[in-house]
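Subject: Structure for your review

Dear colleague,

Please find below the structure that I am handing over to you. I would be grateful if you would read the notes after it with the model open.

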Amino acid sequence: MAAVESGTCERPADMAAVKCLSSSAPLALRIVAECPVSKARACVLTLPHGPVNTPVFMPVGTQGTLKGITVDQLEDLGCQICLGNTYHLGMRPGPELIEKASGLHGFMNWRRNLLTDSGGFQMVSLVELSEVTEEGVMFRSPYDGKEILLTPEQSIAIQNSLGSDIMMQLDDVVSSTVTGPRVEEAMHRSVRWLDRCITANKNPHRQNLFAIIQGGLNVGLRKACLDEMTKRDVPGFAIGGLSGGEEKDDFWKMVTLSTDHLPREKPRYLMGVGYFLKIPFFFS
């Protein structure tokens, strides 16, 4: 999620209404305040394990734990949502064991909300260990060298076993500094994979599947992705494919373009933002 930009804000006329985002989504969003100039906003996002006040910075528990802090300490700090990684948790300890522990909440002994990434980012971070095809991503395990195919269906199956409150679609991720035909290929494939993820989700009444907007730094491709993905009735959207080394002016242009075209009544998640001082300039 992202944060509220400083400035004069006004309360929208519908602020008292809690908007359910689809007939079946286990999620509701209430816009508390919104700046008419910057479009920054403060919201309350209600998920199966409680409310989340946005803008919010999600601490990352990649393998089901945050380094150097316990879940009790995290709860005492007021954390309402944290993040786990499907690729790493799927590798070890594996979805079967976590499902036996009543999902990732039980495995972590965490009573509040969880978001799980799909494993798509590992296409960039583990690029030397992966190969992308239309079927999915073939990874070579960094632990034992074994080849593992991660498809959109498999990513969602793992996330269903983890039981996260927000699941991310598997997208075709390329570095933000890449240009040319590969960016267009990844954008169109991400749209096709979104449809496969929607079909594969066995828990749409308990878990929220977010789409991820791709298109690199190309205005036309990002608009095309926005046009296609917003046709799908998903509970929320993420802005992906950024924070990979691009110039900050280019970063802001793509964020602004995306927020201009995303549905106002649905939550927005700006992915890959890791510096606290940047948060006041983002949108929830």
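The model is predicted, so local features need pLDDT of at least 70 and side-chain atom pairs count only at pLDDT 80 or more, while totals for chains, interfaces and linings use all residues. Residues are numbered from 1 along each chain as its sequence is written, and side-chain values use heavy atoms, with hydrogens and water left out.

**The chain as a whole**

The secondary structure amounts to nine helices and 13 strands; these are DSSP runs numbered from the N terminus, with helices being H or I of at least four residues and strands E of at least two. Of the 284 residues, 52% count as buried (under 20% relative accessible area, with exposed over 50% and partly exposed in between, for a 1.4 Å probe and protein chains only). Among contacts (heavy atoms within 4.5 Å) between residues at least 6 apart in sequence, 67% join residues at least 24 apart.

**Helices α7 and α8**

The axes of α7 (residues 181-200) and α8 (residues 219-229) come within 10 Å and cross at roughly 10 degrees. Axes here are lines fitted to C-alpha atoms, for helices over the stretch in contact, and angles run from 0 to 180 degrees between N-to-C directions. The helices are therefore roughly parallel (angles under 35 degrees; over 145 is roughly antiparallel, 65 to 115 roughly perpendicular and the rest oblique). Helix α7 contributes Val183, Glu184, Met187, Ser190, Val191 and Leu194 to the contact, and α8 contributes Leu221, Ala224, Cys225, Glu228 and Met229.

**Aromatic pairs**

There are two aromatic pairs. Rings of Phe, Tyr and Trp (its six-membered ring) pair if their centres lie within 6.5 Å; planes under 30 degrees apart count as stacked, over 60 as edge-to-face and the rest as tilted.

The ring centres of Tyr87 and Phe139 are 4.7 Å apart with planes at 55 degrees, so this pair is tilted. Tyr87 belongs to helix α2 (residues 86-91) and Phe139 to strand β8 (residues 137-140), 52 residues apart. Tyr87 is buried at 5% relative accessibility, and Phe139 is buried at 2%.

The rings of Phe251 and Trp252 have centres 5.0 Å apart and planes at 80 degrees, which makes the pair edge-to-face. Phe251 is buried at 3% relative accessibility, whereas Trp252 is partly exposed at 29%.

Yours sincerely
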